[in-house]
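Please keep the sequence and the structure at hand while reading.

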Amino acid sequence: MKKLTQVIHSLTASATHFEVRNQEISQASVGWHIVHSYLVIMSIVTALKKSNPSDYKWKFSLPHLYVSIRGDFPRGRGKAPERVLPREEINSEVLERLAVETQNALGEIPGLPRNAHFKHPLFGLLNKKATIRFLEIHTRHHGKIIDEMTGER
């Protein structure tokens, strides 16, 4: 959880660059990447809270193993579900509000059962521990894109 918190803090620190765009790196703005990451976190925490831990069954997933070991996603390969795509105009107020909501959502994770889970379209069911790792990798992935767009990498 500590690594995830650090990655989110780094992402939030990039909010001052929310309008930056670099078409060579991404079609989306820095703000879009931040909001998308926040929406993913909040959506997944909601799914964890709604899950029935007794329904969780571990199943081997080669793509999940690959991403977990590599610690990153290949660029341009994934397609985000509609529910985690930014829909509202991105500005500093929206970013501040979503940052607070994301922190509140993160605060709920430690109290969830070990087998609280969510279903990833490619990786299958991920329990709490695997979900935290997934969120860390996903958020870091977008952080790297932001760093490249802002010239900080």
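## Two helices side by side

Helix axes are here lines fitted to C-alpha atoms over the stretch in contact, and the angle between two of them runs from 0 to 180 degrees between their N-to-C directions. The structure is a predicted model, and every value below is computed from it.

With that definition in mind, the axes of helix H1 (residues 2-13) and helix H5 come within 9 Å and cross at roughly 25°. Because angles under 35 degrees count as roughly parallel, H1 is roughly parallel to H5. The crossing in which H1 passes H5 is left-handed. On the H1 side, the residues that take part in the meeting are Lys-3, Leu-4, Val-7, Ile-8 and Leu-11, while H5 contributes Ile-132, Leu-135, Glu-136, Thr-139, Arg-140, Gly-143 and Ile-146.

## The strand pair

Strand E1 (117-120) pairs with strand E2 (residues 124-127) in the antiparallel sense, over four bridges.

## Aromatic pairs and their cluster

Across the whole structure, a search finds three aromatic pairs. One of them is formed by Phe-73 and Phe-134, with an edge-to-face arrangement in which the centres are 5.8 Å apart and the planes stand at 70° to each other. Phe-73 lies in the loop between helix H3 (62-70) and H4, whereas Phe-134 lies in helix H5 (residues 128-150), so the pair ties together parts that are 61 residues apart in sequence. Phe-73 counts as buried because its relative accessibility is 13%, and Phe-134 is likewise buried, with a relative accessible area of 6%.

Phe-134 also forms an aromatic pair with Phe-118, and this pair is tilted, at 5.9 Å centre to centre and with 45° between the planes. The pair links distant parts of the chain, since Phe-118 sits in strand E1 and Phe-134 in helix H5, 16 residues apart. Phe-118 has a relative accessible area of 8% and is therefore buried. Together, Phe-73, Phe-118, Phe-123 and Phe-134 form one aromatic cluster.

The C-alpha atoms of Leu-48 and Ile-109 are separated by 8.2 Å, although the two residues are 61 apart along the chain.

## Gly-111, an exposed loop residue

Is Gly-111 buried or exposed? Gly-111 counts as exposed because its relative accessibility is 71%, and its place is in the loop between helix H4 (92-108) and strand E1 (117-120). The C-alpha atom of Gly-111 is separated by 9.8 Å from that of Lys-49, a residue 62 places away along the chain.

Methods:
Residues are numbered from 1 along each chain as its sequence is written. This is a predicted model: local features need pLDDT of at least 70, side-chain atom pairs count only at pLDDT 80 or more; totals for chains, interfaces and linings use all residues. Side-chain values use heavy atoms; hydrogens and water are left out. Helices (H or I, at least four residues) and strands (E, at least two) are DSSP runs, numbered from the N terminus. Buried means under 20% relative accessible area, exposed over 50%, partly exposed in between (1.4 Å probe, protein chains only). Two strands pair if DSSP finds at least two bridges between them. Rings of Phe, Tyr and Trp (its six-membered ring) pair if their centres lie within 6.5 Å; planes under 30 degrees apart count as stacked, over 60 as edge-to-face and the rest as tilted. Angles under 35 degrees count as roughly parallel, over 145 as roughly antiparallel, 65 to 115 as roughly perpendicular and the rest as oblique. A crossing is left-handed if the near helix is turned anticlockwise from the far one by less than a right angle, and right-handed if clockwise. Contact means heavy atoms within 4.5 Å.
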